[in-house]
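Hello,

Here is the structure I promised to pass on to you. Please open it alongside this note, and I will walk you through what turned up in it.

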Amino acid sequence: MPVRGIRGATSAAANARDDILSATRELLGEILRANGFVDFDEIVSILFTTTPDLTATFPAEAARELGMNLVPLLCATKIDVPGRLPRCVRVMIHINTDKSASAMVHVYLREAKALRPDVTSAQ
């Protein structure tokens, strides 16, 4: 079975634990819903990145709260490019699926819609 990647991003209202986790839970939930995945066993791994201004918690905690206790998770800081979207959480989900790469639905929410205006969720 092929492994596919699903991208997504959102923004947190503030550098506060609850804001980061809330935004991340919303993003993960929407990605899973949009792609029709209900079984966490299909998820190979998830990579989270945050902009350098988000330091209050790890976004991976939101995945654990959703029950992804056996999914390998990794958090990293995104490159600090001047003038880019602040307070941004990005995600790359690797998933086992027979769906084609073109069938994957990438999700951009909140202020992160500006990152990918070419993606349907960002419109």
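A residue counts as buried when its relative accessible area is under 20%, as exposed when it is over 50%, and as partly exposed in between. Arg-87 has a relative accessibility of 29%, so it is partly exposed. Please keep in mind that this is a predicted model.

While we are at Arg-87: this residue sits in the loop between strand S3 (73–77) and S4. Its phi is positive, at about 50°, although Arg-87 is not a glycine. Arg-110 also has a positive phi of about 50° without being a glycine. You will find Arg-110 in the segment after S5, and with a relative accessible area of 34% it is partly exposed.

Next, the core. The largest nonpolar core has 20 residues. Those with the most contacts inside this core are Ile-43, Ile-46, Phe-48, Val-91 and Ile-93. Two or more residues each come from helix H1 (17–35), strand S2 (43–50), helix H2 (60–65) and S4. H1 gives the largest share, four residues.

Now for the loop between strand S4 (88–96) and strand S5 (107–108), where Thr-97 has its place. Is Thr-97 buried or exposed? Its relative accessibility is 6%, so Thr-97 counts as buried. Leaving out residues up to four places away in sequence, Thr-97 touches Met-1, Pro-2, Arg-4, Phe-37 and Met-104. A polar atom of the Thr-97 side chain also lies 3.0 Å from the backbone nitrogen of Lys-99. Lys-99 in turn lies over the face of Phe-37, at 4.8 Å from the ring centre.

Asp-98 is in the loop between S4 and S5 too, but at 63% relative accessibility Asp-98 counts as exposed. With residues up to four places away set aside, Asp-98 touches Met-1 and Pro-2. Asp-98 and Met-1 are 97 residues apart in sequence, yet their C-alpha atoms are 6.0 Å apart in space.

His-106 lies in the loop between S4 and S5 as well. This histidine is partly exposed, with a relative accessible area of 25%. The side chain of His-106 reaches the backbone nitrogen of Arg-7 at 2.9 Å. His-106 and Asn-35 are 71 residues apart in sequence, with 8.6 Å between their C-alpha atoms.

Cys-75 is in no disulfide, and the nearest cysteine sulfur, that of Cys-88, is 14 Å away. As for accessibility, Cys-75 is partly exposed at 26%, whereas Cys-88 is buried at 0%. A search of the whole structure for aromatic pairs also came back with zero.

Definitions and conventions
Residues numbered from 1 in each chain as written. Predicted model: local features only at pLDDT ≥ 70, side-chain atom pairs only at ≥ 80, totals over all residues. Heavy atoms only, no water. Buried < 20%, exposed > 50% of the residue type's maximum accessible area, 1.4 Å probe, protein only. Polar contact = N/O pair within 3.5 Å; in protein donor to acceptor, adjacent residues only side chain to side chain. Contact = heavy atoms within 4.5 Å. Disulfide = S-S within 2.5 Å. Phe/Tyr/Trp six-rings, centres within 6.5 Å; stacked < 30°, edge-to-face > 60°. Lys NZ or Arg CZ within 6 Å of the ring centre and 35° of its normal. Core = buried A, V, L, I, M, F, W, Y, C linked by side-chain atoms within 4.5 Å.
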